[in-house]
Amino acid sequence: MSTETDRVEPRPRVLRWPAGDPRSLAVAAQVLIAAQTALQVVVAAAGGIRTELFRQCAPLNAPLFIGAVVVFLCWFRRCRLNAERFAPRTHKYSTGFAVGAWFIPGAMWWIPRRVALDIWRASPPAGGAWLIDAWWVAFLAKTVGGVVLELTLPFQYLYSPYDAAVAVVAAVLAILVIRGITAGQYAAASAEPAVPPFAGFSAR
């Protein structure tokens, strides 16, 4: 007769991640993007760069912005490497462009979108890829639009109502893209055969 102590607990499922689980980076990226955007909105609502609040918050802005960029790019690269496994030979650009394209003048306005579309389609989340295009339009409105306004309205664009509005839209869409791609990759990894812990070791 078997007893409670004789029962063998099932081993936890271990997913196959070619480049690693992107979920922790996804959470960190979302938090940093939301925090940096919230700071920008608060300063803009208070009156922009000529306020005392701006001077108080200025030391926080650069670390939050740099942190959001670095963590997002780490997440983006990991998802691109995973996508190569989920859908090999379907990507227009190499894995190096997942990070490098963001720093190539001119190409940075187009290639990262193409990489994101390939990642999205490699492990499709629910819904179409329109979310990538919406996010990219908002990103261009924030960056390219910001450059144009800064050239035409010096010192008036930064932390302006327009800057804050497009920052919120771009941040919300970026977070939705991060969540969608991460969920899609988790589903794709879950669909593969599970690897039990210590599968490479045999009892002797």
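**Exercise 1: Aromatic rings**

Tryptophan 75 and phenylalanine 76 are both buried, where buried stands for under 20% relative accessible area, exposed for over 50% and partly exposed for anything in between, with a 1.4 Å probe and protein chains only. The model is predicted, so local features need pLDDT of at least 70 and side-chain atom pairs count only at pLDDT 80 or more, while totals for chains, interfaces and linings use all residues. Residues are numbered from 1 along each chain as its sequence is written, and side-chain values use heavy atoms, leaving out hydrogens and water.

Task: Work out what kind of pair the rings of tryptophan 75 and phenylalanine 76 form.

Solution:
- Step 1. Rings of Phe, Tyr and Trp (its six-membered ring) pair if their centres lie within 6.5 Å; planes under 30 degrees apart are stacked, over 60 edge-to-face, and the rest tilted.
- Step 2. Searching the whole structure gives 13 aromatic pairs.
- Step 3. For tryptophan 75 and phenylalanine 76, the ring centres are 6.2 Å apart and the planes stand at 40 degrees, so this pair is tilted.
- Step 4. Now widen the view: ring pairs join Phe72, Trp75, Phe76, Trp102, Trp109, Trp135, Trp136 and Phe139 into a cluster.

**Exercise 2: The chain as a whole**

Task: Find how many helices and how many strands the chain has, and what share of its residues is buried.

Solution:
- Step 1. Helices (H or I, at least four residues) and strands (E, at least two) are DSSP runs, numbered from the N terminus.
- Step 2. The chain has 6 helices and 0 strands, giving the pattern α-α-α-α-α-α along the sequence.
- Step 3. Of its 204 residues, 40% are buried.
- Step 4. A contact means heavy atoms within 4.5 Å. Take the contacts between residues at least 6 apart in sequence: 74% of them join residues at least 24 apart.

**Exercise 3: Two partners of α6**

Task: Decide how α1 and α4 are each oriented relative to α6.

Solution:
- Step 1. Axes are lines fitted to C-alpha atoms, for helices over the stretch in contact, and angles between N-to-C directions run from 0 to 180 degrees. Under 35 degrees is roughly parallel, over 145 roughly antiparallel, 65 to 115 roughly perpendicular, and the rest oblique.
- Step 2. Helix α1 (residues 23-46) packs on helix α6 (residues 161-191) at about 170 degrees, with the axes 9 Å apart. The two are therefore roughly antiparallel.
- Step 3. Their contact includes Ile33 and Val41 from α1, along with Ile175 and Tyr186 from α6. Its residues divide into 14 nonpolar, 4 polar and 3 charged; here Ala, Val, Leu, Ile, Met, Phe, Trp, Tyr, Cys and Pro are nonpolar, Asp, Glu, Lys and Arg are charged, and the others, Gly among them, are polar.
- Step 4. Helix α4 (residues 111-122) and α6 have axes that come within 8 Å and cross at roughly 40 degrees, so this pair is oblique.
- Step 5. Ala116, Ile119 and Trp120 of α4 meet Val177, Gly180, Ile181 and Gln185 of α6. By class, that contact has 5 nonpolar, 2 polar and no charged residues.

**Exercise 4: Single residues**

Task: Say whether glutamine 36, arginine 89 and arginine 179 are buried or exposed.

Solution:
- Step 1. Glutamine 36 sits in helix α1. Its relative accessible area is 13%, so it is buried. Beyond four places in sequence, it touches Asn61, Leu64 and Phe65.
- Step 2. Arginine 89 belongs to the loop between α2 (52-86) and α3 (97-100). With a relative accessible area of 78%, it is exposed. Most residues other than glycine have a negative phi. Arginine 89, though not a glycine, has a positive phi of about 60 degrees.
- Step 3. Arginine 179 is part of helix α6 and, at 52% relative accessibility, is exposed. Its C-alpha atom is 9.2 Å from that of proline 125, 54 residues away along the chain.

**Exercise 5: Confidence**

Task: Identify which stretches have pLDDT under 50.

Solution:
- Step 1. pLDDT is the predictor's confidence in each residue, from 0 to 100. The chain's mean is 82, and 81% of its residues reach 70 or more.
- Step 2. Residues 8-12 stay under 50, and the model has 3 contacts for them beyond four places in sequence.
- Step 3. Residues 195-204 also stay under 50, with 7 contacts beyond four places in sequence.
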